[in-house]
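Trainee: I would like to learn how to read domain interfaces. Please take me through them step by step.

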Amino acid sequence: MNITFVLNGKTVHAETAPDENLLSVLRRCGVMSVKCSCDTANCGCCTVWVNGKPTLSCAYPAPRADGQEITTLEALTEEAESFAAYMADEGADQCGFCNPGFVMNVLAMKRELTDFTEENVRTYLAGNLCRCTGFASQHRAVAAWLKNTGREAAEV
Amino acid sequence: MKQISRPVRKKDAFALLTGKPVYTADIFQQDALTVRLLRSPHAFADITGIDTSAALKVPGVACVLTWRDVPDIRFTIAGQAVPEWSPYDRKLLDSTVRYVGDPVAIVAAETPAAADKALKLIRVTYRVKEPLLDARAALDNPILVHPESDWRTVADFGADAKRNLCAHEIDRVGDAEAKLKECAYVAEGTYHTGQVSQCFMEPYTTGAYTDSFGRMTVVSSTQIPFHVRRIVSTALQIPLRNVRVIKPRVGGGFGAKQTAVSEIYAAAAAKATGRPCMLQYTRQEIFEAGSPRHEMEITVRVGADSEGHILAIDHRVLSNTGAYGEHGPTTIQLSGRQPTSIYRYAKDIYFEGTVVYTNTVPAGAYRGFGVTQGAFAVESTVNELARQIGIDPIEIRRINLLREGDVMGIYDNGEVTESCRFIDCLNRADELFGWKENAKRRVMPDGMIRAGGIAAAMQGSGIAFVDTATATVRLVEDGSYILEIGAADMGTGCDTILAQIAAEALGCSVDRVHTAAVDTDHSPYDTGSYASSTTYVTGNAVVKACAALKAKILTAAGALLGPDAGEMTLDGSGVSAGGRTVSLREISLHTQSGQSVMLQATESHSGKVSPPPFIVSMAEIELDPGTGRVRVTRLVNVIDCGTVINTALARVQAEGAAMQALGMALTERAAVGENGRLHEHSLLTYGMPTRLDIPEITVDFCPSYEETGPFGAKSIGEVAINATAPAITEAVYNASGIRVHSLPVNPENLI
Ligand code: FES
Ligand code: FES
């Protein structure tokens, strides 16, 4: 079957099958920031935005993407770089395999959350696994970035 | 400005963080055939027939390979220097399958769907045999996992396939049995750790193709490019000179990629089809046929005199290597040597290690490499001993931990530690944790019980007399340097750390050094990134190569500055003498025209010692007495890894290792069921910690200066995982009075 969707601002047509997930279609389209790590919707490495909402592309049937707007990290380089600097300073990038999905979710969080408490941040990002860092450095980076972009926890 | 002992951003940080295509699956030919493996549903069976005809008819299927189609030769896929210290017990494909997940057939097809369809159509008939699943029953069991006559070893590690014995090891000093009899106190216990998964995020991924010269090129997510070259050459019976291995960015390894798990299958498909082929494991395959930590059962006796001097240790380890013996004979050594050798008065030590085959997932290397399992047992027993004597577990360590100049028990034949700030680590952890107050059992207002625990451990820094690293460094005409190494950055940041070491040696800034990722056609030889060797062994090769290059640069500069220039100094901009400076660009350009000088140097290094880094770990837990649930609330890890080359990356290494240890202690489990199938084989059920589980974690360093290391450095990656699990279970003991003997902690036992 054929689907048509907007990928990072451009209309694309893709051939897919009912049992295919969006993740494989996107990688076939050359979008390599989207990673597969777990195939069971548990790691967050495949996070993309569907109509602006963070979505696990491994658990999203490709046919449902028809007519939707898909955003991946490729379209967010500038914004990603502003956050990346904080991650790099902490050494929180490590192997990097979890980074694209994590960054997609962090950027979505910044748009969506209103109160950036440590707990809210952790809960929002809970679906993004990382084995290298043990998470702590990621949170230091997120906190420093939020602070320097004027998004602090309301209660602090 | 110093280029070491400070935080430096990883050179690949922005590429990784903005999702650039850098991993094997991103950069390999996208029109490559998809490779999939048909795996055995049985724990033990002989294949009596395979019919591939229907599979081959599926449109788009390029090949279906079975044991009949591949070289009939046994080898090991463990990444080790020769002579390989693992049995030659594995074939590319065999007519006997020995665990649930053992490959039966290799399929390559135009699309994943076609490959999957073909897998379903392969008709295999099995003569199912009774499997051997319990490691405790394996030795001399009538069921033999490897009865075949061509099983062999090329080194003597006490293996005997006729007994299901993969390795047998005894190390001793003094007479532990006699000494234990003299001891005023003896604590004893049996401990068990399971087959936990490294949970690296990038699955095993390999692409392979034949290049224009007819050579097999393997692009792979590996820690061991040079060993992969040899293993692929052996497995496929193609000459070594016709194999090339390229390592792109690697999405985590933790030891798992110190075994050539996926490479041989992708290469076999590429050879058979003449087409580029790519194989990526699913997470289920990683669990069922990856290379997890060896399950171990360990019985320890530790004896002390009435003042609390630990005098004798008897340590017996049973290790389950699963169906194949990768790293079985070496992990067992470390399970005994390091854990028993951190106590300065213990002059009588007996260690016996037995590694057995079973029909379960073949185990391999995982950060800590046996030390983690051994330290859990020894540290738990030392904590028990402290209770018996009636002294604080921190005090028994204050009395007994190694000091500089001490002989280290049975470690590397009684090597002496020349760089050791173990006691400083202990004192610093004491201070950071607030041991006196926070170790105590406290009932919180909400009814939760808090308590603290402690443990200590060491590792090594490379394998002395074995690990070999080479570095090539050259000056290019814009005045920067290219550093070529054969060590594999798997996400730890060694490409950056080694560039820092080079920059420090050459007096330039780190952004003037470009590290080239490994390609066995171009990179100088390195045994690989494992055994905590990269900073220490490869770092030393970098220091040597830079010194040699510096000498060449000074000679070339001397020609430009003239004979009376006086003493020359090299810095990031050029060479100066007597108030005059020639730039690196001038020097470089000068040698590129009409000269027979190459401003390049290559040097090798292999250590004669393996100086251990040390860690003291303290954990505070909160126990819910109603449910038995344990949550770690605080972790303090203080480490002596010698000079800290990159303070940010070292800290993150330690934090990441601590969370792996926490997972191993509390939640991670992949248990073998009755039929040999794993109960847990996905990230949904396995229990890897998430960010909701992170405690308040403090990492600090007490850097000693290791004379034999690059600018005083030792290693960090592995030691950091070793002490946290026993510190957590000691805290559990403190809170509940129950000693945890088997990981992960079972909450039901704590109610
Ligand atoms: S690959 Fe989609 S959540 Fe893991
Ligand atoms: S950085 Fe390696 S998994 Fe997160």
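Mentor: Start with a term. A polar contact is a pair of N or O atoms within 3.5 Å; within protein, one must be able to donate a hydrogen and the other to accept it, and residues adjacent in sequence count only if both atoms are side-chain atoms. Now the ground rules. This is a predicted model, where local features need pLDDT of at least 70, side-chain atom pairs count only at pLDDT 80 or more, and totals for chains, interfaces and linings use all residues. Residues are numbered from 1 along each chain as its sequence is written, chains are lettered from A and ligands numbered from 1 in the order in which they are written, and side-chain values use heavy atoms, with hydrogens and water left out.

Trainee: Into which domains is chain A divided?

Mentor: Domain bounds come from an automatic or database domain assignment. Chain A splits into domain 1 (2-74) and domain 2 (76-148). Domain 1 of chain A brings 17 residues to the contact and domain 2 of chain A brings 18; contact means heavy atoms within 4.5 Å.

Trainee: What area is buried between domain 1 and domain 2 of chain A?

Mentor: The size of an interface is often given as the accessible area lost when the parts come together. Here buried area uses a 1.4 Å probe and is summed over both parts. For domain 1 and domain 2 of chain A, the value is about 1,400 Å², with 66% from carbon and sulfur atoms. Thr47(A), Trp49(A) and Leu73(A) supply 43% of the area that domain 1 of chain A buries against domain 2 of chain A.

Trainee: How many polar contacts and salt bridges link domain 1 and domain 2 of chain A?

Mentor: Six residue pairs are in polar contact, both residues at pLDDT 80 or more. The salt bridge count is zero. That term needs a side-chain nitrogen of Lys or Arg within 4 Å of a carboxyl oxygen of Asp or Glu.

Trainee: Now chain B. How many residues of domain 2 of chain B are in contact with domain 3 of chain B?

Mentor: 17 residues of domain 2 of chain B touch 16 residues of domain 3 of chain B. The two domains of chain B bury about 1,300 Å² between them, 63% of it on carbon and sulfur atoms. On the domain 2 side, Ile645(B), Pro710(B) and Phe711(B) lose the most area, together 40% of what that side buries.

Trainee: How many residue pairs are in polar contact between domain 2 and domain 3 of chain B?

Mentor: Five, both residues at pLDDT 80 or more.
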